[in-house]
Amino acid sequence: MENQREQFRSRLGFILAAAGSAVGIGNLVGFPVNAAKSGGAAFLLVYAAFVVIICLPVMMAEMALGRRTQRNPLGAYQSVAGDKSWWRIGGWLALITPFMIAVFYQVLTVWLLGYFVGAVTGNLEAMAQPGYFGQFINSYGVFIYLVVLTAMVGVILNSGVQNGIERLAKVLMPSLFVMLLILTIFVLTLPNALVGVQYYLVPDFGKINLEVVNLALSQAFFSLSLGMGILITYGSYVSRNESVAGGAKMVAAVDTSVAFFAGLLILPAIFVFNPATNTDELSSSSVSLVFSFLPKIFLSLQAVVGYVGASIFASAFFLLVFFAALTSQVSILQVPISAFQDELKFSRAKSVLALGACAALLVIASTVSFGMVNYFTEFTSYAGQTKSFFDVIIDVFYETILPLNGLVICLFAVYRWRRSNLNAEMSVGDAAYQGSLTQKYVNFALGTFIPVVLLFVFVSTVALKFF
Ligand code: PFF
């Protein structure tokens, strides 16, 4: 029996689901860390410019292609270019990339769950100790969180697009906005917060160089969930009464606002809780800021609100990031699931199981690559460094393949699918699109300088990372 393809129930449901995909660890952690390292508001400006000039058109092309073809990324490329075309490689890339990104995202989400449980159970003091993070990620407890998280994600995906993803986003996304706002306001009312606000909002243009520009673009790409076939897949569930351009703009606005507020929460928090913050220490911190640095900061809050207050704050923060990560993770995994359903005609449950089985092995290999199993810890080496299995996934898929996928989708949309078809699809549900400024800009930019910029980012990343 041929199943009707599912659709998001409402425009709001689609926007919240797509925002659920976009808003994730990238916004709440990646963005503040990068802004702190790279000139505060100066980084924000470069980032916001990339969102508008480069990311939005790519986002629209992905969504339109998905809605037109009603397929997963592989099917979408094939149905436009034919079964034998080389373009299918683009489809495979947009299928394998999210699968591999889901592997590393699962590892991070497991840690967030562990830290949330740690904060709730009053473990904040231990979590703030210097060696805690290293011990935690190498403890067998991680596997328990892994099983719990995998079961949660499996149940959500098995409930489908409407009853799983859309329903989850409708509950978690508004809660996330409210929590973020409350935490930010709370931090801003504390003494010394202004130093952090200043550090964040007074631009330091001296920090902007080619590497930072590169970083801002990769950050924007990742944050908006571009180049992974997610928006092709989500586009395939969007009703033909909706405006693709309007939806894309909404999602980009929500995503960028959340990143902005996350900066306004984290940077002042650091200065409130630790007025003697050494900005050098800040500048050298990476994603481990969340797991090593923030617990210390949260613990020092006990001087202001007591241990219980500090634990509540820390729990709320980790819950916030966990929610954001969970809604992103289900979106990433929906890509291969839709491919199993469309291409292999698997049922939803069978797709979830098949995918879970493939992913489990790689997630376990990543989990043990922080010291538990030597083979994965010292998996390979390049550019003069030993790399773990987890490092390789990040370097190859997150840093390198994302811009390549973006490049391929632009070229595909403009030169194979063609602008006339893109325009026709963008006008479905949006009569005002024809002749609009957005249309003129998208038509021009997608076929010209966006691919050039993405090619440049791809080539320079390969050169920097691997040689
Ligand atoms: N956009 C999410 C974030 O900013 O954390 C992460 C993400 C979700 C990346 C979905 C890729 C993706 F396909």
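The bend at a residue is the angle between two fitted axes, one for the seven residues ending there and one for the seven starting there. Helices here are DSSP runs of H or I with at least four residues, strands are runs of E with at least two, and both are numbered from the N terminus.

Two notes on the model. It is predicted, so local features need pLDDT of at least 70 and side-chain atom pairs pLDDT 80 or more, while totals for chains, interfaces and linings use all residues. Numbering starts from 1 along each chain as its sequence is written.

Now α2. At F31 the helix bends by about 30 degrees, and P32 follows within four residues. Of the 13 residues in α2, 12 are buried, meaning that 20 or more other C-beta atoms, placed from the backbone, lie within 10 Å of the residue's own; 12 or fewer is exposed, and in between is partly exposed. F31 and P32 are among the buried ones. After α2 comes G39, with a positive phi near 95 degrees.

S225 sits in the loop between α11 and α12 (230-235). Its phi is positive, about 60 degrees, although S225 is not a glycine. Is S225 buried or exposed? S225 is buried, because 30 other C-beta atoms lie within 10 Å.

A383 also has a positive phi, about 50 degrees, without being a glycine. A383 counts as exposed, because it has 11 C-beta neighbours inside 10 Å.
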